[in-house]
Amino acid sequence: MTTYLASAEPNMSVIILITGFAVVFAVLILLIGIIWAYSKIVSSVQKSVEKRKAKNTPVEETTTAEESAPVVEDTADMSDDLQTIAVITAAVEAFYGDKKVRVVGIRPQAGGNTRSQWAAAGLMESMPKMRSEGLL
């Protein structure tokens, strides 16, 4: 015949519950300590690398505005702008196909990119359908 102690079972479950919580929180505190120590090590290594770079780099001489050549940078920016305009014009002509197209101006979209990736994908998917139906 087996006899059960009714008063022993609730106490045992409470002990197991408290032990489980204690183990979980101990492991969380251990993980926090490991992550904190790792961040300290990484930041100290980065500081030492920056100090080495600062020692090895020579001091640069300062130049006045008259000595620098901003004209070269402007022409480089201008050629980049012209290439960008050419690429956009080619894309517009490829999109419209046989229709005659003239790009008058290019300006950034107000407010940045307001469409989500899903909306942009849906728009690109529906473009060929709209073109074949003569809506574009």
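Trainee: Is K55 buried or exposed?
Mentor: K55 is exposed, because its relative accessible area is 73%, where exposed means over 50%, buried under 20% and partly exposed in between, with a 1.4 Å probe and protein chains only. This is a predicted model, in which local features need pLDDT of at least 70, side-chain atom pairs count only at pLDDT 80 or more, and totals for chains, interfaces and linings use all residues. Residues are numbered from 1 along each chain as its sequence is written, and side-chain values use heavy atoms, leaving out hydrogens and water.

Trainee: Where does K55 sit?
Mentor: K55 is placed in helix 1, helices being DSSP runs of H or I with at least four residues, strands runs of E with at least two, numbered from the N terminus.

Trainee: What about a nonpolar patch on the surface?
Mentor: L17, F21, V23, V24, F25, V27, L28, L30, L31 and I34 form one, with about 950 Å² of accessible area together. Among them, V24 is found in helix 1, which covers residues 8-56, and V24 counts as partly exposed because its relative accessible area is 46%.

Trainee: Stepping back, how many helices and strands does the chain have?
Mentor: The chain has 3 helices and 0 strands, so that from the N terminus on the elements run α-α-α. Buried residues make up 1% of the 136 residues, and the accessible surface comes to about 13,000 Å², of which 64% belongs to carbon and sulfur atoms.

Trainee: New topic: which residues form an aromatic pair?
Mentor: The count comes to 1 aromatic pair, and F95 and Y96 form it edge-to-face, at 5.1 Å centre to centre with 85° between the planes. Rings of Phe, Tyr and Trp (its six-membered ring) pair if their centres lie within 6.5 Å, with planes under 30 degrees apart stacked, over 60 edge-to-face and the rest tilted. F95 is partly exposed at 30% relative accessibility.

Trainee: How far apart are I85 and I106?
Mentor: They are 21 residues apart in sequence and 7.6 Å apart in space, C-alpha to C-alpha, and I85 is found in helix 2, residues 70-96.

Definitions and conventions: Patches are made of residues with over 30% relative accessible area and no salt bridge: like charges are joined within 9 Å, nonpolar side chains (Val, Leu, Ile, Met, Phe, Trp, Tyr) within 5 Å. Accessible areas come from the Shrake-Rupley method with a 1.4 Å probe; for residues, only the protein chains shown count as cover. A salt bridge is a side-chain nitrogen of Lys or Arg within 4 Å of a carboxyl oxygen of Asp or Glu.
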